[in-house]
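Trainee: Before we open the model, could you walk me through how features of this kind are read, one at a time, with the general idea ahead of the case?

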Amino acid sequence: MNHLRPFLTTVVLTIMCCLQSCKTPKESLPNKALPNIVLINVDDLGWKDLGFMGSEYYETPNLDTLAKEGMIFYNAYAGAANCAPSRACLLSGLNTPRHGVYTVSPSDRGNSKTRKLIPIQNTDHLNDTIYTLPQMLKSAGYITGSFGKWHVGNDPRKQGIDVNVGGSSKGHPGKGGYFSPYKIDHITNGPEGEYLTDRITNEAISFVETYRDTTFFLYLPFYTVHTPIMGKEELIDKFKTKKGSNGQDRPDYAAMVASMDENVGKLLTSLKANGLEKNTLVIFTSDNGGIRSISEQNPLRAGKGSYYEGGIRVPLLIKWPGKIKPNSSSNTRVSNLDFYPTLQNIASPDKKALLLDGINLGPIFEGSSQAERDLFFHFPIYLQEYQGLQDGSRDPLFRTRPGSVIISGDWKLHEYFEDGALELYNLISDPSEENNVAEQNPEKTQELLKKLMDWRKATNALVPSQKNKEYDAAFEQKMIQEKSVR
């Protein structure tokens with residue numbers, strides 16, 4: 001046998017070399033040093049529509065538990081006040097002037113006779129040249145899946161998503177669309193009466209089970225709680241017997257929130273059952289503020305579509321075992337623009353996005369103090385009032401008129417392009433933005449205005465200046481008076 005040893009050794013070495021050469025390429029191997037990432041983005045969920053954020057009416061036991069396991073951000077903001085631009089900001093890491101998605105088209109909404117300016121033309125979707133968050137994570141070896149509302153392109157698979165269920169350019173499930181048969185794209189109908197939120201979550205859980213041995217990015221942008229407000233009948237009946245509190249009292253909306261929470265719980269249970277909990281980073285947030293006529297966010301003013309706090313402040317919690325201290329919180333002002341640079345810092349991909357408008361949240365995760373930075377919002381468009389209802393915006397005709405906003409420290413300045421009006425609020429002493437103190441604080445007002453103008457110049461932000469020939473001041477005042485007395 002001794003004379004055979006050299007031969008056998010050669011054979012073994014040859015086999016080992018062949019096995020090495022047959023291995024999966026490095027870029028597709030799971031990197032277990034990297035966490036799986038789950039990003040849950042609820043549609044139109046208000047800042048206080050959750051138990052851990054102070055709601056006494058809505059019931060969110062699973063999210064309340066998740067909040068105790070991670071970090072709550074009490075001053076979190078969306079990149080914009082309504083669906084498409086906020087999602088464009090999150091998925092590109094770029095503020096609205098850089099991608100041009102300012103609203104859900106068109107930008108000239110509302111009665112033309114009440115618009116003084118011709119708004120900047122809106123861009124419907126993210127341009128194909130933009131390097132998206134999923135594309136960046138794919139470069140780091142992640143398998144990517146999206147389950148639910150995409151809204152920034154026709155096909156998520158062309159924007160970095162490997163597995164897509166239910167996502168396209170559509171922004172809501174359509175009339176009656178929360179129950180099968182569905183009216184969205186890239187999904188097969190389930191049994192008649194199947195609830196869309198349940199189905200989307202089951203598809204996400206199937207993705208987890210299929211790719212549990214890889215490193216994955218699971219994006220779960222629920223269609224819920226966007227209109228139409230449709231909950232399960234048994235849950236609606238439950239909340240009919242519960243007393244409302246602080247402007248929150250709709251049983252059908254409460255039923256939608258409860259179903260969303262139940263399904264988040266199912267997904268988290270799946271991660272645990274598959275042994276993935278300890279190596280998964282979970283982000284939970286909303287794409288913009290809630291609709292005030294459906295659910296109030298007191299003390300915040302206005303709601304979805306407005307750049308007062310009720311339209312842009314959102315719930316945010318992040319759990320990352322071993323990296324984020326359980327039951328912790330932060331009052332630092334953060335934005336969904338920060339997700340991209342944070343995840344890029346974690347993933348360290350081969351191909352990085354070179355220009356990002358957010359910051360890495362890593363130091364906050366570690367308990368370090370983060371230097372205050374300014375937040376900017378730009379909306380050179382018009383967005384009419386919601387279904388004829390007043391929501392606390394500047395006037396009863398529009399949730400948004402063309403303008404920009406800066407939050408700097410505890411101060412917030414609104415600038416309106418139609419008339420050059422300025423509104424200054426201290427968000428600590430006046431979170432409801434009721435008392436405009438611009439005249440009492442001229443130096444602070446001018447300081448923030450200069451910052452805002454410098455930022456617009458740096459980002460090539462387009463400002464509308466062309467007058468609308470159809471504008472009728474008398475007609476506008478009549479409309480305002482009529483709506484104000486309702």
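Trainee: How many nonpolar, polar and charged residues are in the lining of the largest cavity?

Mentor: A cavity is a set of points on a 1 Å grid over the protein atoms alone where a 1.4 Å probe fits but cannot get out, and lining residues have an atom within 4 Å of a point. As for the classes, Ala, Val, Leu, Ile, Met, Phe, Trp, Tyr, Cys and Pro count as nonpolar, Asp, Glu, Lys and Arg as charged, and the others, Gly among them, as polar. Here the lining of the largest cavity holds five nonpolar, four polar and four charged residues. Bear in mind that this is a predicted model, in which local features need pLDDT of at least 70 and side-chain atom pairs count only at pLDDT 80 or more, while totals for chains, interfaces and linings use all residues. Residues are numbered from 1 along each chain as its sequence is written, and side-chain values use heavy atoms, with hydrogens and water left out.

Trainee: How much space lies in the largest cavity, and which residues are the closest to its centre?

Mentor: A volume is the space filled by probe spheres set on the grid points, which are joined across faces, edges and corners. The largest cavity has about 90 Å³ of space, and of the 13 residues that line it, Arg 394, Arg 399, Thr 400, Arg 401 and Tyr 416 are the closest to its centre. Two elements, β14 (398-400) and β16 (411-416), each give two or more residues to this lining, strands being DSSP runs of E of at least two residues and helices runs of H or I of at least four, numbered from the N terminus. The largest share, three residues, comes from β14. In total there are four cavities of 30 Å³ or more.

Trainee: What lines the largest pocket?

Mentor: A pocket, by contrast with a cavity, is an open set of points with protein on both sides within 12 Å along at least five of seven lines. The largest pocket contains about 370 Å³ of space and is lined by 21 residues, with Arg 109, His 172, His 226, Lys 304 and Arg 399 nearest its centre. Its lining comprises six nonpolar, nine polar and six charged residues.

Trainee: How many aromatic pairs are there?

Mentor: A pair of aromatic rings is described by the distance of the centres and the angle of the planes. Rings of Phe, Tyr and Trp (its six-membered ring) pair if their centres lie within 6.5 Å, and planes under 30 degrees apart count as stacked, over 60 as edge-to-face and the rest as tilted. The count here is 17 aromatic pairs. In one of them, Phe 207 and Tyr 211 have ring centres 5.0 Å apart and planes at 50 degrees, so the pair is tilted. Ring pairs also link Tyr 57, Tyr 58, Phe 239 and Tyr 253 into a cluster.

Trainee: Is Phe 207 buried or exposed?

Mentor: Buried means under 20% relative accessible area, exposed over 50%, and partly exposed in between (1.4 Å probe, protein chains only). Phe 207 is buried at 3%, whereas Tyr 211 is partly exposed at 25%.

Trainee: Where does the charged end of Lys 323 sit?

Mentor: A charge sits over a ring if NZ of Lys or CZ of Arg is within 6 Å of the ring centre and within 35 degrees of the ring normal. The charged end of Lys 323 sits over the ring of Trp 320, 5.8 Å from its centre, and Lys 351 lies over the face of Tyr 131, at 4.5 Å from the ring centre.
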